[in-house]
Amino acid sequence: MRSEILPRVSVIGLGYIGLPTAAIIARAGMHVYGVDVSQTVVDTINRGAIHIEEVDLDGLVQGVVQRGLLRAGTEVEPADVFVIAVPTPFHTDGQHTPDVSYVLAAAESVAKVLKAGDTIVLESTSPVGTTEQMRDAIAAARPDLALPGLTDVTPDIAIAYCPERVLPGRILEELINNDRSIGGVTPRCARKALAFYKRFVRGTCITTDARSAEMTKLVENAYRDVNIAFANELSIVADAMGLDVWEVIRLANRHPRVNILSPGPGVGGHCIAVDPWFIVNGAPEQTPLIRTARGVNDGKIHHVIARVSALVEAHPQAQVACLGLAFKANIDDFRESPARLVAATLARRFGKRIHIVEPYAAELPREFEGTGATQIDIDTALEDCGVLIVLVDHDVFKSVPLAERAGKVVYDTRGIWPDQPKAEAEVVTLKRAG
Ligand code: SAJ
């Protein structure tokens, strides 16, 4: 049997995607060197520990670090395959212009150590054309290398785009089992990247060109945003008509070709609320639907704030518990969270009457400082608070039986308690507020 030389891999950016990806590649037997700008992150990983919360990631990282397969540093070193997984936010310029500076900075640092035969894969969600932009930046930094699409000779370097599409909370499982789109700057680049992903991905890997793969990733998240916007708009309509949106959706979804998603307090996280803007920005005249969906989902946050504020004002004697701060259920990720925005606004408006229940947070985020709001546990909330505002559908909240919340005034943005009787006072208040 032919013994195979495994590529040495470098993962640039050790965040929510980069670290799990580095660990999975290491578990497949490859030597992985992770690069991050944060010395704290690097030190944590080299100790075999992790700086983010993700199911089963701690044990995996500990194992591969102990076996010498994963190590981290702040400076890029030579490798055979470079995987770039750095953030791509948008500028706060009112135009939501994508900021690809981290990608280009990563590419420039990789350029310094590149040698003929290397492969670079960009995984960060990126506007269409970024992979080619990255290629151009490398070409400028390394005129000694033949880069794909810019030369008639066989290029020295392969460059591809392969977006991650994993769900926080299920990252390790989805990294391996999800299908992957692999877009090469040229077909040869796609084949080189495919051979690499085949080493650790069980899902089907489909090759395409880089621009199509970039757009595919954006489309996936915009599709979800538009569909959540439909559910959120329905919830606002239902509020105005005095209907129970959950009941209407449950019944409509009995239709064999209808599958409406769930309304919530808005759309959070750093993907679905961001990526649609990359499409809008690339084609502003052709994207009224995608743009409107963003507006509907952001507007839902303000709808919730207005209605909950009216409810709190209508019950001046009651203590109020906000259940959840995370951007979605059962995770400790509070970035771009509508729940956090709603709770913080209430804390500023109503001060010490507001209590926050968030089992995934050791302490309240900074914006709660000086508001008077306090963090309590779910048992205390059920004992002491007359008004319960459900902002996140954590399992621990879902499991509270009716007996423990009967007699409370409840505003449930997630529909976790379908059996909750509508208090007369709440109905009256909400009608007035609406
Ligand atoms: N949400 C609703 N109603 C729903 C579903 C979600 O209000 O019916 C809200 C959630 O509460 C949350 C937000 O939307 O605030 C986003 O949550 P999510 O679970 O839909 O998605 P993310 O942001 O955790 O992960 C998404 C995924 N994309 C798709 O499902 C198309 C994931 O596969 C991507 O890898 C990830 O974005 C990413 O990194 O781009």
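Analyst: Thr380 has its place in helix H13 (residues 378–384), where a helix is a DSSP run of H or I with at least four residues, numbered from the N terminus. Residues are numbered from 1 along each chain as its sequence is written. This is a predicted model, in which local features need pLDDT of at least 70 and side-chain atom pairs count only at pLDDT 80 or more, while totals for chains, interfaces and linings use all residues, and side-chain values use heavy atoms, with hydrogens and water left out.

User: Why is Thr380 called partly exposed?

Analyst: Thr380 has a relative accessible area of 26% and is therefore called partly exposed, since buried means under 20%, exposed means over 50% and partly exposed is in between (1.4 Å probe, protein chains only). In space, Thr380 and Ala321 are 9.5 Å apart, C-alpha to C-alpha, although 59 residues separate them in sequence.

User: What makes the pair of Phe196 and Tyr197 edge-to-face?

Analyst: The structure holds 3 aromatic pairs. One of them joins Phe196 and Tyr197, at 5.2 Å centre to centre and with 70 degrees between the planes; rings of Phe, Tyr and Trp (its six-membered ring) pair if their centres lie within 6.5 Å, and planes under 30 degrees apart count as stacked, over 60 as edge-to-face and the rest as tilted, so this pair is edge-to-face. Phe196 and Phe200 also form an edge-to-face pair, with 5.3 Å between centres and 65 degrees between planes.

User: Which residues are the closest to the ligand, and which helix gives the most to the shell?

Analyst: Of the 20 residues that surround the ligand, the closest are Val166, Lys217, Arg224, Ser262 and Phe327, where a residue counts if one of its heavy atoms lies within 4 Å. Helix H8 (residues 210–241) gives the most to this shell, with 5 residues.

Key:
Helices (H or I, at least four residues) and strands (E, at least two) are DSSP runs, numbered from the N terminus.
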